[in-house]
Amino acid sequence: MIGIVVVSHSPRLAQAALELALAMVPGKRPAIALAAGADGDVIGTDASRVAAAIEEVSSPEGVLVVSDLGSATMSAELALELIDSSSTRVVLSDAPFVEGLIAAVVCAAGGATLADVDREASTALRAKRAQLAAAPPSPHTIEHTDTRPRDGDSPSRYRTEQVDRGGVPTQADSPLRHRSETTTSGHVSGTFGSPSPSPSSPYRTEILPNAAGLHARPAAVIATKVAQSGEQVTITNASAGRGPVDAASTMLLLSLGARQGDSVEIRGVGESSSALVSELAELVAEGFGETADGAATPHSVVARAHHSAGDPIGVSAGRRAGRVLRMPDPITEPSATETVPRGDRAAAAARIVSATTSVVADLTRRAETAQAGHARDVLNATAQLTNDPVLVANSQRRVMVEGRTPQRAVWDAVSHLAAQLGSLGGVGAERVADLHDVRDRIVAQLTGEAQPGVPTSTDPFVLVATDLAPADTALLDPRVCLGIITAEGGPTSHTAILARALGIPAVVAAGAAASAAVLSPGTLVLLDGMTGEIVIDPTPELVASVATATATSTAVTGAGATGDGYSVPLLANIGGVSDVAVAVAARAQGVGLFRTEFCFLDRADAPRLDEQIAAYRAVFSGFAGQKVVVRTLDAGADKPLPFLASGHEPNPALGVRGYRTSWARPEVLDLQLTAIAAAAAAERADVWVMAPMIDTVAEAIEFARRARGQGVSTVGVMIETPAAALMSRELLDVVDFASLGTNDLTQYTMAADRMLGSLAALNDPWQPAVLRMIAAATGGAEQAGKPIGVCGEAAADPLLAVVLVGLGVATLSMAPRVIAPVAAVLGGASRAMCGDAAARALSATSSAAARAAVKKVMESR
Amino acid sequence: MTADTGSTGAVSTATIIAWLTVFRDLVTANNAYLTELDSAIGDADHGSNMTRGMDAVVAQVGSVAPESIAELFTSAGMTLVKTVGGASGPLYGTFFLRCGSATPAGATQLDSTAFGTCLRAGLEGVVARGKAQAGDKTMFDAMAPALAAYDQTVGRGASLSAAGVAAAVAAATGRDNTEPLVAKKGRASYLGDRSVGHIDPGSASTTLLFEALARALSDT
């Protein structure tokens, strides 16, 4: 029997036409494959789907391709170029779509040859032509093209017209219709009856209130509920016009790209689904129990680069000793060329199911034992994503049709889905890291490699890894993870920043010292996150001294001052209202850096004035009577936002970013300044405002003019470039304060990309050149008589904090969790020691010498 | 980055990536314009189709990081075929796929003549797929003059950068010349004489393709 491929612009059209055809052949049927719609199920055709469909139904008797309009034919022709056409005879039929398909299916089911089926299909219009030719002339033929009911129409035709006019909404026209019925309570609901005998379809429309939108965890919750209920539910993102999709698939739910503020429509099939629809609607309406202003979890992946040549670098203070637990190395990419012989494909495809089942079981078990609520949710969401029917089916298809190995099939299927999600931007793009985690887990299961991710352990351990992704680091439990040692990474890498935020001592760029040969699992190791020192098999006395040191450092309070009483306020770096409680608990004396990007993430356009005011007030209200330094929007080619897209740039770090984005879009900055000033007026915090990436005095004058014009009283600039550091005197003549962004100042002074682990040794604020640059800036500030603070990661290095104070820095701002260790070290120094430390560091010839010199000063006390 | 193109006047993988990326930027910036042209004589989806397709191409190239020019073209072509949906999918898809098969496997640099051969193969693919001739009011009317101008400029011994600019100018002229024509292909052909007085949207996006090429070649 020949195979048949149905090519259509619309999956629904193809499905319906096929149903119509299959109703004609109750017994044996030919193999039929659909190739309908393009990627993401847009209306259109996709030649690669046509090619896959041809291969799926290929038989020695040949394959007939029946297509609908225009580009469907073109895609079918292109498909022939994509397959090995010598192995299968393929004929592209010129038949009318519906009539031709029915004729072809019936004829093929009877065992006809390809040529016969083709001829039968292409002459399928004969019946209709014959009937119309036999009908009475002109008046009737006109009536057939008219949609209005007329006298003389057949009863059945007339009845159809009445139903159409009855205004019964179909799934396709529902969003518009429902929007018009939105009630004041913010949602609409009801039950629309379709004409009997079709079932009724309960539906609800809700606005997504939470900041993260419909992300992986809630998508998994919804998919599980729907799958377990056995009901059919579809969800549509009415705001974006995406969907409807089957709510039992996490992957398809994520493909809706539903964000905060989007209108989400939930529709069930049949009365029995109405309870489930209501339950899901409540979940959406409550934002899945999440806050409206939750800060986004960082998901960008740290560049995994080569080994650094320099010495290990301490990036998160603290001395700890413990047994080594090793993080498995990243999964290797499976071969793209290896193929599975046709006869073995079914067995290979089946392995995908057993592999995903084991991974899901493992993740679920870990979720049950996980301590923290957040970690448990992440594990559960990953499990759900792993078990997604679309992912499994897509992978299996690649094994069956393309002959890929199961591991390659999973790899490709996930990459494909990740590209789809990534192209949605925003929420979807942030899920890409989760998808890659799922991919690595299934591939590891299939190839027998160690499962990726942080190994589980209830005993305390020191984690040793090549590098850590942010997601790995975020999941670490500070109660059992005593310390982190990585071969790669730099002081401003995400690992370092997150380790400091979690209060876990960390040493990065350890190179060969972190290899499995040196630090094998179970080895006792001591690390010093301040000096970068690593001691293998330390003496019991040394281990005991570490234990005491840890106990004392936790007793310190947050007020910043040297031992002889010179006050250096210690402030917090925060990214939104969710960080306020942590900052207050850490006894921060205010906020030295309030990053405002959170308010703008996941947005297609700039947030409205009232939204911004509310977001800023929420933060300001936590610091009544204290200082809050707000940084205006810091975006650009390196941190793109949809509404501030500056296009492709070869060197994003040197491109249109920070304050420079306001050149093209001044209204975004003006609106933000207005919102900050209004929020400041309504709260009792002492609000200061600064612009990122200021280079010139002219920019500072312009920013100050605009900020003051919008009602901001205290205006400052960030000093992040050598240009600004060298001009700090003149810059501070025109503004009220300055703040050193040491991460960028380091990368620009050393001309070393901070994302590259291989440049970690250069990207070190201890480099004497960087310290001299800071000294130039603080010197200028002193001449101008204006305050200068530090809000980069340098402030979080306790030893470096001593140097910064010695250089004349007035305030230090850092991740809230490191305030205590910085306060402790600062309290152990006198102001004179700080000056001495600064002088010695400035005159050192290398970063290592600078560290050693300062350490010596501190030990001399 | 211009590091690996240098002063040799060669087309590198970086040039192709820049070409694709700038084309993406241009179709995105001109999304509304392309759709407006298409709404006059088509089904008003050309802008969104091309934007979706090129977004996917740039994402795919970014995630797969093809190492040779042929792989880049093939990856771009397959992605367009899968994501565009409308007739531009197989047409632009075939263009890049044929460019890819005309490029020596594994090559990471092409001189101006070899690159011209590749583009020519792409144009032949478009003709084979769409069966359009000069004056049918299609993308062919912009692409064919662009390639003729490219070949002519290279033949005079001028730089790649100059050839790119010549191609872009010729494409724009070809595009503007579609305005008085009667459409012979695609959905616009159903309109017959009513298609007169409108620029063909396919020729407009093809002009953007060559504008993007000119910008990418300006770095070689």
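# Briefing: chains A and B

In chain B, 66% of the contacts with a separation of 6 or more are between residues 24 or more positions apart; two residues are in contact if their C-beta atoms, placed from the backbone, lie within 7 Å. This is a predicted model, in which local features need pLDDT of at least 70, side-chain atom pairs count only at pLDDT 80 or more, and totals for chains, interfaces and linings use all residues. Residues are numbered from 1 along each chain as its sequence is written, while chains are lettered from A and ligands numbered from 1 in the order in which they are written.

**Chain B as a whole**

- Chain B holds nine helices and two strands; helices (H or I, at least four residues) and strands (E, at least two) are DSSP runs, numbered from the N terminus.
- Starting at the N terminus, its elements follow the order β-α-α-α-α-α-β-α-α-α-α.
- Of the 220 residues in chain B, 62% are buried. A residue is buried if 20 or more other C-beta atoms lie within 10 Å of its own, exposed if 12 or fewer, and partly exposed in between, with C-beta atoms placed from the backbone.

**Where the chains touch**

- Chain B brings 24 residues to the contact and chain A brings 22 residues.
- On the chain B side, at least two residues each come from helix H1 (13-29), helix H3 (46-64), helix H4 (69-83) and helix H5 (88-101).
- H3(B) supplies the largest share of that side, five residues.
- The chain B side has nine nonpolar, ten polar and five charged residues. Here Ala, Val, Leu, Ile, Met, Phe, Trp, Tyr, Cys and Pro count as nonpolar, Asp, Glu, Lys and Arg as charged, and the others, Gly among them, as polar.

**A parallel sheet in chain A**

- Four strands of chain A form an open sheet in the order E2-E1-E3-E4, with parallel pairing; two strands pair if DSSP finds at least two bridges between them.
- Strand E2 (32-36) and strand E4 (90-92) are the edge strands, each pairing on one side only.
- From one strand to the next, the twist averages 20°. Axes are lines fitted to C-alpha atoms, for helices over the stretch in contact, and angles run from 0 to 180 degrees between N-to-C directions.
- Strand E1 (residues 3-8) and strand E3 (residues 63-67) of chain A are joined by five bridges, and Ile4(A) stands opposite Leu64(A) in E3(A).
- Helix H4 (residues 97-109) of chain A packs on the sheet, where it touches E1 and E3 of chain A, with its direction at about 160° to that of E3(A).
- Helix H5 (residues 114-122) of chain A lies across E3 and E4 of chain A and runs at about 20° to E3(A).

**Nonpolar cores**

- The largest nonpolar core has 173 residues, of which Val5(A), Val6(A), Val66(A), Ala104(A), Leu253(A) and Ala167(B) touch the most other members. Such a core is a set of buried Ala, Val, Leu, Ile, Met, Phe, Trp, Tyr and Cys residues joined through C-beta atoms within 7 Å.
- H4(A) gives the most to this core, with ten residues.
- A second, separate core of 109 residues includes Leu644(A), Val668(A), Trp766(A) and Leu800(A).

**Two residues with positive phi**

- Asp537(A), although not a glycine, has a positive phi of about 50°. Asp537(A) sits in the loop between strand E16 (534-536) and helix H21 (540-553) of chain A, and it counts as exposed because it has 9 C-beta neighbours inside 10 Å.
- Lys137(B), also not a glycine, has a positive phi of about 65°. Lys137(B) is in the loop between helix H6 (112-130) and helix H7 (140-155) of chain B, and it is buried because 27 other C-beta atoms lie within 10 Å.
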